[in-house]
Structure formats: structure tokens, C-alpha cells
Amino acid sequence: MLPLFEYKLEATRWRAARRLTATEDAIVAAFRAQLGRLAPAEVATVIPTYRRPVQLGSAVESALTQTFEDQRVIVVDDGAGLDGALPDDPRLTVVQLPHNIGTAGVVRNIGIRLTDSRLVAFLDDDNTWEPRHLELAIEAHARGAELTYSRLQRVDESGELIDVLGEPFERRQMRERSLVDTNVIVVRRSERLQFSRVPRRRGDFPLEDWELVWRLSRHMQVTYIPEVTVRYVRHRGSNYSDWGAASDSSEHRA
């Protein structure tokens, strides 16, 4: 049963979500015809981007320099056009959407659907991974995990440490606050692996990653990796959900 706050979002924005689903289907079909079948890999890393050329370069580099190398990195530009060079690496694919969609779940879904892999990971264009992020997740999946997440270090724009987030998973706590950020997730591919198409605005809660983990945790073994593997840069463009006084902190990435 959905918590009331998510039910309200889905009930009031279902028409927009249906239109976005149709848009997603059409874009995926067009890119499949254009690109053909991308080479499969153990992990597909999906990096959505919009007007952050400098930060995107750092994000892509941190993905391609992982100690675990059997991956396909797909950058999905949300209709802004890329301004800046990216590494010349056969594992990297870049697709540019024909127009701005503005719904993160749909942009990530396009990346998921255009790739072929056993596992899928996510990295935002303004954040970076530590070198062993994927390696640690792969080790946990080899032991039976189906969805893994690690600790996240938040820093400000100058690189000063703000805090470190991460705690063992308890689904009942997900009704009170978000426990898992998109950037720390590595998940087994399945038909259920699709982000919500419900458009979510700044200040809404929960955001797409909360909904994804809440839904998948009903069917998957969720495993917490108690190591910091993600560097999350908090800036004016960061999108947070305020979970109120029930959370340990006044703000959590949703």
C-alpha cells in the first residue's frame, strides 16, 4: 500500500505521467532504430545530464575509471545539447533527446531501456564515484544481493565536507524519510526496474529514487554497503525533498 504522500502525487498527476510514458516509448523506439543493439556489459551506468558540461566530464571520468571495467556508460542529454568533450572510450555512448523532458525518471528510463546488462547503476552529472563503487556492489551481488546501496559523502561547492549519509535498510523507515539516493544504487535488471514517470517538481517529496526503492524493496533483497563510495556535491541546483521533523536531518535527498 502506498504512503499517502506518494498516492496523492500519482493520483493528481496520472495524466501527465501517461503522456510522458508515451513520449518515452517513442524516443526509445527512435534511438533503437538509430543505434541498433549496444554491446552488452555486466553493468550499465546511466548518467542523465542537463547543462552541466564541466561537472559531466568529471562524472563520466569517475565512471570509466572504476576498478570494475565490464560496464557500458550511457549519457542521456535532456535536450540541451552537449557543450564540452567527453572521454574517447568504446564503453561510452551519448544520446541527445530531441527536446527537454524535465522529468528525471523518464530520462533515466531511456538510458535503462537502451542498454543491455545484468545490473544497472546510476550517477548524476554533478556527482562522482570513488574508484571501487562498482567493485564493492558487484561483490555484494555475487553474494545474493539484488539491490545494493552504499554511503554517500556530501560536500559543498568548495569541496568542504557537510556530512556522510548511510544506514542499514529498514523498509518501515522509508515512510518517514528517504534512506537511499539514486547515485548509490546498483540494481539487478528486471521488468520492474523503471523509474516513476510522475512529474515531480522542486520541493515535492518523495522524488523518483524513493519511489523506485520503495517499490523494488517489496520484491528484492536490499543490501547496505557501509562504505563511502559516492561524492555528492550540494549546490543551489541540488534538488532535495524536505521530510520534516520525522527525519534525523531536516533535508534528505529523495
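Helices and strands here are DSSP runs, numbered from the N terminus. The model is predicted.

Figure 1. Start with the overall view. The C-alpha trace spans about 45 × 40 × 40 Å along its principal axes. A compact globule of 254 residues would have a radius of gyration near 18 Å, and the protein chain has 17 Å, which agrees. Buried residues make up 52% of the 254 residues. Take the contacts between residues at least 6 apart in sequence: 75% of them join residues at least 24 apart. The accessible surface comes to about 11,800 Å². Carbon and sulfur atoms account for 47% of that surface. The chain carries 35 positive and 38 negative charges, and their mean positions are 7 Å apart.

**Figure 2. Thr 93 in strand E3.** Strand E3 covers residues 92–96, and Thr 93 lies in this strand. Is Thr 93 buried or exposed? Its relative accessibility is 9%, so Thr 93 counts as buried, because buried means under 20%. Which side chain makes a polar contact with the side chain of Thr 93? The partner is Arg 72, at 2.9 Å. Leave aside neighbours within four places in sequence, and Thr 93 is in contact with Leu 38, Arg 72, Val 73, Ile 74 and Val 75.

**Figure 3. Pro 98 in the loop between E3 and helix H4.** Helix H4 covers residues 104–113. Pro 98 has a relative accessible area of 61%, so Pro 98 is exposed. The cut-off for exposed is over 50%. Pro 98 and Gly 79 are 19 residues apart in sequence, yet 5.6 Å apart in space, C-alpha to C-alpha.

**Figure 4. Backbone geometry at Arg 51 and Pro 206.** Most residues other than glycine have a negative phi, and most peptide bonds are trans. Arg 51 is not a glycine, but has a positive phi of about 60 degrees. Arg 51 sits in the loop between strand E1 (41–49) and helix H3 (53–64). At 62% relative accessibility, Arg 51 counts as exposed. Now turn to Pro 206. The peptide bond from Phe 205 to Pro 206 is cis, with omega near 0 degrees. Pro 206 is in the loop between strand E8 (186–188) and helix H6 (208–216).

**Figure 5. Helix H5, residues 133–142.** How many of the 10 residues of helix H5 are buried? Seven are, so the helix is largely enclosed by the rest of the structure. The buried residues in H5 are His 133, Leu 134, Leu 136, Ala 137, Ile 138, Ala 140 and His 141.

**Figure 6. Val 213 in helix H6.** Val 213 has a relative accessible area of 1%, so this residue is buried. Which residues does Val 213 touch, not counting those up to four places away in sequence? They are Phe 169, Met 174, Val 180 and Ile 185. Pick out Met 174 from this group. Val 213 and Met 174 are 39 residues apart in sequence. In space they are 9.0 Å apart, C-alpha to C-alpha.

Terms used. Residues are numbered from 1 along each chain as its sequence is written. This is a predicted model: local features need pLDDT of at least 70, side-chain atom pairs count only at pLDDT 80 or more; totals for chains, interfaces and linings use all residues. Side-chain values use heavy atoms; hydrogens and water are left out. The radius of gyration is taken over C-alpha atoms; the globule rule is 2.2 Å times the number of residues to the power 0.38. Buried means under 20% relative accessible area, exposed over 50%, partly exposed in between (1.4 Å probe, protein chains only). Contact means heavy atoms within 4.5 Å. Accessible areas come from the Shrake-Rupley method with a 1.4 Å probe; for residues, only the protein chains shown count as cover. Lys and Arg count as positive and Asp and Glu as negative; His and the chain ends are not counted. The place of a charge is taken as NZ of Lys, CZ of Arg, CG of Asp or CD of Glu. Helices (H or I, at least four residues) and strands (E, at least two) are DSSP runs, numbered from the N terminus. A polar contact is a pair of N or O atoms within 3.5 Å; within protein, one must be able to donate a hydrogen and the other to accept it, and residues adjacent in sequence count only if both atoms are side-chain atoms.
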